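Here is my notebook from an afternoon of looking around a protein model. Have the picture open beside you and follow along.

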Amino acid sequence: MPGVLTLCAGNMALSSTRPLPRPAASLPVPDGRASLMSLSSTSPSTKRGGEDASVGNRRRFSWRCRQACMATANANTNTKPLRLWSSLSQDLKHQPGSVLGAAALITGTTVGAGILALPAVTAPSGFVAASATLGGFALFSIVTGLLVVEVNISTLQELGSGKGVSLSSMARRTLGNGGATAVSAAYILIHYSLLVAYIAKAGETLNQLSGLPLAAGSIVFAATLGGLCFAVRPATLNNINTFLVGLFVLSFLGLAGLTAADMQPQQLAVANWGAVPNAVPVIALAFIYQNVVPVVVSNLEGNVVKIRQAVVLGVAFSWLMFEIWLAAVLGSPSLTGAALSAADPQAAVAAAAANLADPLAALRDGGGPVVGPLTTAFTLLAVGTSFIAFVIGLSDFMADALQLPTGRRQALPYLLTVVPPLAFAMAFPDVFYHALDFAGSYGVLTLFALIPVAMCWSERYGGTSPSRQQLVPGGRPLLLAVAATAGGVIGRELLIATGQL
């Protein structure tokens, strides 16, 4: 209806029959964009009946389109789903995030140092079994990511914020203070475990490249990149990291192209399903991206359709890169060598893999004058870009936990982030695979599988908040299946750790 403005606040809609005022200003945010949160206008002084003149002189209209409005509109019309808010430039031009940009963020977060461990942990399984398992966990990660999206959007609606909210805030809202504490503990566990793995792998690679002692290589790596994270401005650090990610992608494409010519197809036709459970923790770790879901939701303005597309595309791109990488490494002649002369290729590959601790190292050492250095560069870029991202995340968490004043850079959060993992990596230089396995078994499957299930269960069936749109179909059976999968992996690892399996 012309001249009617609907104000949406939570689940309540108010209507005004006064003409919509022309927007005069928007609320700026740090990145130079604005959310459509406040519009104001000044009208000539008028007096109608008993209405006070001061009220007639100036009226302010404020609104935020929330999911309640979207649900109401979709229930009464056949229109497409609406975004929950609009991101505007300083001149009030709509600047929505793109699906491809969000998908690229998810892929960039997913394809990190975990890709280095995949060939080693999946070699005993063979390419066929490993490929099928990767596909299954790609679907698993899509489901868990969308569960996080569902709770994130509901939390945004309830808090009335267009800025991403943390997992801790979502857990506190749905699971109480105990849930928030569990999220914080799992968050620290994952970050410390992975930082230990990255530092240890970098120290090992620098040792092989330059002859530096393992401890010295670890110190050089951690001090250089950790100091960079502390010293440079965020915009500069983002540019540096983007450049390194570009080099990482180029090295990946180079390795895939160079190894394709020598690929041995018979080595890929192997399926040892009994070895798959041992690879599951690292495979689960490889698909970690749920920590950037709040950013994706914010960038795509809460548009459920776009968010779902971004998650599916981002995980699909990651899965494709993992499959290409496994085929390149597991199909390399350096994996089996003379063992392929055996009558049973499957037995030959399994036997060779059992005697080969790191297929990536075999590719580096036996790949020739181009593949060898390229593999080393790929390794350093993988751990370097992942290290930067996790240092930033954990140092911000530490600063918030310590309630340090904002507005100036503090050294303490960075020291607490880098020094403990560095000390552990120096004490246990061969801890790379064990650290990744530990993080995947306990941290990732707890924080990004069990906790999202618990939050969604509370959201949907626990009476935490009014019923909202469910992004993942399947109801209770699907939530129980996700929890059972994660719980089964964690339980198996606990039995192995205690010597009962």
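**Entry 1: helix α17.** I began by listing the buried residues of α17, and I found Pro-413, Tyr-414, Thr-417, Val-418, Pro-421, Leu-422 and Ala-425. A reminder to myself: this is a predicted model. Next I looked up what those buried residues pack against, and the partners are α6 (167-210), α7 (214-231) and α16 (368-401). I also checked the length of α17: its 17 residues reach 24 Å from the first C-alpha to the last. That is close to the 24 Å expected at 1.5 Å a residue.

Entry 2: Is Thr-417 buried or exposed? Its relative accessibility is 0%, and the cut-off for buried is under 20%, so Thr-417 counts as buried. Then I asked which residues Thr-417 touches, not counting those up to four places away in sequence. My list reads Tyr-192, Leu-195, Val-391, Leu-394, Ser-395 and Met-398.

**Entry 3: Ala-435.** I moved on to helix α18, residues 432-461, where Ala-435 lies. Ala-435 has a relative accessible area of 7%, so I noted it as buried. Leaving aside neighbours within four places in sequence, I found Ala-435 in contact with Ser-193, Val-196 and Ala-197. I also looked up a C-alpha separation: Ala-435 and Tyr-198 are 237 residues apart along the chain, yet their C-alpha atoms are separated by 9.2 Å.

**Entry 4: a pair of helices.** How do α8 and α12 pack? I found that α8 (residues 234-260) and α12 (residues 304-330) pack at an angle of about 45°, with their axes 9 Å apart. The two helices are therefore oblique to each other. Their crossing is left-handed. For the meeting point I wrote down Phe-252, Leu-255, Ala-256 and Thr-259 from α8, which meet Met-321, Ile-324, Trp-325 and Ala-328 from α12. I sorted the residues of this contact by type and got seven nonpolar, one polar and no charged.

**Entry 5: the whole chain.** Last, I stepped back. I looked up the secondary structure of the protein chain and got 19 helices and seven strands. Of its 501 residues, 48% are buried. I then took the contacts between residues at least 6 apart in sequence, and 76% of them join residues at least 24 apart.

How values were computed. Residues numbered from 1 in each chain as written. Predicted model: local features only at pLDDT ≥ 70, side-chain atom pairs only at ≥ 80, totals over all residues. Heavy atoms only, no water. Axes fitted to C-alpha atoms, helices over the stretch in contact; angles between N-to-C directions. Helix = DSSP H or I, 4+ residues; strand = E, 2+ residues; numbered from the N terminus. Parallel < 35°, antiparallel > 145°, perpendicular 65-115°, else oblique. Left-handed = near helix turned anticlockwise from the far one by under 90°. Contact = heavy atoms within 4.5 Å. Nonpolar A, V, L, I, M, F, W, Y, C, P; charged D, E, K, R; others polar. Buried < 20%, exposed > 50% of the residue type's maximum accessible area, 1.4 Å probe, protein only. Expected span 1.5 Å × (residues − 1).
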